[in-house]
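Here is a short tour for anyone who likes to have the coordinates open while reading. Please load the model and follow along, topic by topic.

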Amino acid sequence: MLRASFRPLRRGIRARAALTFSTIADEKRYEGPVASFPNSCTPLKGIPSRFEQISDLKRGEEYDLLIIGGGATGSGAALDAASRGLKVACIERGDFASETSSRSTKLIWAGIRYLATSAAGLLSKNLFTNPVETVKDFYGEFMMVVGCHQERRYMLEKQSHLTNWVPIAIPFDKYFVWPPPFGHPLFSLFPVLAPFVLKFYDSLSNFSCPPSYIMGPRKAADQFPQLSHRNLKFAAVFYEAQHNDSRTNIAVALSAAEHGATICNYVEGKELIFEEGGKKAVGIKARDVMGEGEDIEIRAKKIIFAGGPYTDLMRKMEDKDTKPAVQGASGSHVVLPGYYCPKDMGLLDYNTSDGRFLFFLPWQGHTLVGTTDKKCDAQTLPTAPEDEIQWILNECGKYLSNDLRVRRSDVQSAWRGWRPLAVDPHAPPGAPASRDHVISENPESGVIFIAGGKWTTWREMAEDVVNRVTDKKCKTLDIKLLGGEGFTRNTHVKLTQKHGMGSTVAEHLAKTYGARAFDLCELSRPTGKSWPRFGIPLHPQFPYIEAEVVYACREYACTIEDVISRRTRLAFLNKEVAMDCVERVGEIMQRELGWSDEILAKQIENAKLYVGSYGGPVPDKSSATLRNATFRDILDIFKAIDEDGSGFLDRTEVGHAGERLGFPMSAEDLDAAFDEMDSTGDGRVTVEEFEKWWNGTGGDLHEKMHKEFTMGKDIESIREMGTGAMLG
């Protein structure tokens with residue numbers, strides 16, 4: 001292994017002027033990856049090392065195709081083009097999947113919502129006022145759903161080492177819903193129609209998925225004991241596919257390298273190279289963020305931008321005044337302990353307060369809940385706004401049993417990503433944003449961009465965009481991604497037998513690396529125990545082992561963040577545990593990559609800043625505006641005010657609460673404040689009355705309490721002011 005000599009540390013290039021980055025709690029700014037080493041370590045079997053890939057880029061040879069962006073779409077296009085025999089280069093300014101492609105809901109779903117919205121559009125008044133366009137829109141959206149079913153089947157059957165089926169229950173506590181879901185009166189009868197709709201949904205994949213079915217209240221209680229069964233009529237269950245998104249993206253990228261693509265992370269495109277005296281783009285000036293900082297000229301016959309929500313930033317290299325084509329929409333997710341959801345069944349709220357679907361899913365031993373939907377510019381840091389975390393928790397509470405209240409302190413991690421909603425800038429004026437992907441070519445520069453779509457259709461999107469470059473036949477339907485060859489349902493058993501791995505660790509390795517897990521296990525160290533014999537854990541609560549950090553370096557991981565967030569999923573699953581593992585991961589990477597002590601210190605500092613940007617059990621309410629709190633938060637406030645523990649608040653206790661907050665009230669003001677809370681007028685404020693008052697509107701005391709609450713003051717520190725003080 002080549003060792004890195006000391007050199008001045010250089011910050012990475014993520015903090016472009018065009019991008020806005022979140023501020024961490026300690027007011028330090030995350031400035032991107034720390035330059036760490038010029039050479040990668042030992043390569044994976046059959047795949048060039050990162051150092052070899054960088055060397056290829058520096059040779060100056062012309063490529064048939066250059067792809068800018070290493071997310072699911074860009075890496076997929078590199079794999080597709082390389083498998084067709086094209087000479088391909090693909091560069092990514094950060095890590096593979098470092099943006100949108102690692103922050104999905106982890107579903108490879110076939111679009112049941114789109115099926116509903118397309119039907120609602122078809123049955124609207126537009127069918128009479130503009131029948132041709134309405135039918136055309138319906139057909140286009142319906143065929144998109146059919147395509148999603150085909151791609152989902154491809155992933156489940158061809159990439160079984162990366163995917164699995166997950167049943168999802170839709171609970172119904174009434175047979176008639178108003179206001180109707182999807183804004184159409186017909187869907188007020190969705191509870192009655194659901195069993196038939198789901199069977200039709202199954203048919204779109206030729207019934208290759210496990211069949212949907214109905215559960216009565218008793219069976220639902222057995223299968224999903226966490227679900228509130230008050231007034232439950234029945235639950236309809238259907239199946240979608242699930243995966244570990246960043247790991248899938250890495251498998252796609254490394255598969256592209258295996259098929260001959262020159263693909264490399266942490267290489268930023270700085271500016272396009274145009275033919276002399278013309279406007280046609282013939283290459284790009286790039287920089288290896290982890291190297292010496294020199295420019296690399298990469299020339300190609302054709303260039304594709306695949307930047308997801310950042311595509312317009314790339315397009316500004318063609319023309320700084322270019323017309324926008326991609327709008328970002330953020331979606332936040334929350335991770336809760338696994339006991340909030342059965343190990344093998346999820347839940348779907350099809351009619352949330354803002355009209356979006358909300359999934360409640362088992363994932364990696366935890367419960368994943370999401371997503372929100374808010375139009376905004378994309379940011380690199382995954383920070384989820386406190387208001388969106390709170391909204392998700394409130395929506396969760398509608399379906400859970402009364403004895404299983406969702407607490408804000410149960411949030412183990414929270415993050416958000418951005419969906420790229422695209423339009424074709426060369427389309428006629430007024431063209432709508434597409435739910436499907438958009439491919440557009442600049443007639444002057446010749447640069448093609450692709451944006452939009454979804455994780456499910458990564459392969460289809462890659463095929464479509466490479467078809468614009470070559471007539472050679474697409475081969476990806478026959479390709480198993482890295483780790484697929486040799487993988488069987490018994491791979492985890494073989495790992496246990498051959499390498500002495502614990503069963504939980506073996507199952508994790510098999511579903512993460514496929515048959516390549518055997519290579520990884522060769523790197524594992526003895527535990528010193530009778531069982532398991534090999535595989536030292538990174539943390540006792542998780543199945544990740546130290547050998548995965550070594551292996552990650554051979555998968556082009558360059559920073560601690562790469563390992564903590566995407567090679568393993570620690571930051572996505574548990575912010576506090578991820579923070580605890582930062583230094584140990586850094587020590588292993590230092591040994592593997594030859595970092596100096598100074599580089600290691602900077603890597604650790606930067607990783608902690610990055611992990612700190614995830615949400616966790618302690619809320620950051622400095623910018624929160626949502627008044628609603630979870631029931632558990634409100635109960636804690638109520639108990640803090642309830643001095644004698646009677647289970648209700650009296651006038652004196654409310655007055656004391658005001659005093660503790662530095663807000664003493666006159667007798668008249670106190671009467672008015674107490675009367676606001678005491679809706680029954682019996683002189684006692686119950687928890688239910690207090691909850692209603694808290695989530696409503698009120699006078700000065702109401703405003704003061706909300707101000708304290710949103711400042712994020714800790715309950716214990718407020719209690720120290722005096723018995724019965726309240727929390728913020």
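**A partly exposed phenylalanine, and what lies beyond**

Phe 534 has a relative accessibility of 31%, so it counts as partly exposed; here buried means under 20% relative accessible area, exposed over 50%, and partly exposed in between, with a 1.4 Å probe and protein chains only. The model is a predicted one, in which local features need pLDDT of at least 70 and side-chain atom pairs count only at pLDDT 80 or more, while totals for chains, interfaces and linings use all residues. Residues are numbered from 1 along each chain as its sequence is written, and side-chain values use heavy atoms, with hydrogens and water left out.

**Two loop residues**

- Phe 534 sits in the loop between helix H14 (517-521) and H15; helices are DSSP runs of H or I with at least four residues, strands are runs of E with at least two, and both are numbered from the N terminus.
- Ser 613 belongs to the loop between helix H19 (597-611) and helix H20 (631-641).
- Ser 613 is buried because its relative accessibility is 4%.
- The Ser 613 side chain reaches the backbone oxygen of Tyr 610 at 2.6 Å.

**Surface patches**

- A patch of negative charge on the surface gathers Glu 668, Asp 669, Asp 675, Glu 676 and Asp 700.
- Patches are made of residues with over 30% relative accessible area and no salt bridge, with like charges joined within 9 Å and nonpolar side chains (Val, Leu, Ile, Met, Phe, Trp, Tyr) within 5 Å.
- Lys and Arg count as positive and Asp and Glu as negative, while His and the chain ends are not counted; a charge is placed at NZ of Lys, CZ of Arg, CG of Asp or CD of Glu.
- Helix H22 (residues 667-677) supplies the largest share of the negative patch, four residues.
- Asp 675 is located in helix H22, and its relative accessible area of 54% is why it is exposed.
- On the nonpolar side, Tyr 175, Phe 176, Trp 178, Leu 189 and Val 192 form a surface patch with about 540 Å² of accessible area together; accessible areas come from the Shrake-Rupley method with a 1.4 Å probe, and for residues only the protein chains shown count as cover.
- Leu 189 lies in the loop between strand S4 (163-172) and helix H6 (190-203), and its 38% relative accessibility makes it partly exposed.

**Salt bridges**

- Side chains of opposite charge can pair when their charged atoms come close.
- The structure has 38 salt bridges, each a side-chain nitrogen of Lys or Arg within 4 Å of a carboxyl oxygen of Asp or Glu.
- Glu 99 and Arg 103 are joined by a salt bridge of 3.8 Å, N to O, and both residues are buried.
- Asp 312 pairs with Arg 315, their closest N and O atoms being 2.8 Å apart.
- Both Asp 312 and Arg 315 lie in helix H9 (residues 311-315), three residues apart, about one turn of the helix.
- Asp 312 is buried at 13% relative accessibility, and Arg 315 is buried at 4%.
- Glu 546 forms a salt bridge with Arg 584, with 2.9 Å between the closest N and O atoms.
- This pair links distant parts of the chain, 38 residues apart: Glu 546 is in helix H15 (residues 546-554) and Arg 584 in helix H18 (residues 575-593).
- Glu 546 is buried at 10% relative accessible area, whereas Arg 584 is partly exposed at 25%.
- Salt bridges with shared partners also join Asp 95, Arg 247, Glu 555, Glu 561, Asp 562, Arg 566 and Arg 567 into one network.

How values were computed. A polar contact is a pair of N or O atoms within 3.5 Å; within protein, one must be able to donate a hydrogen and the other to accept it, and residues adjacent in sequence count only if both atoms are side-chain atoms.
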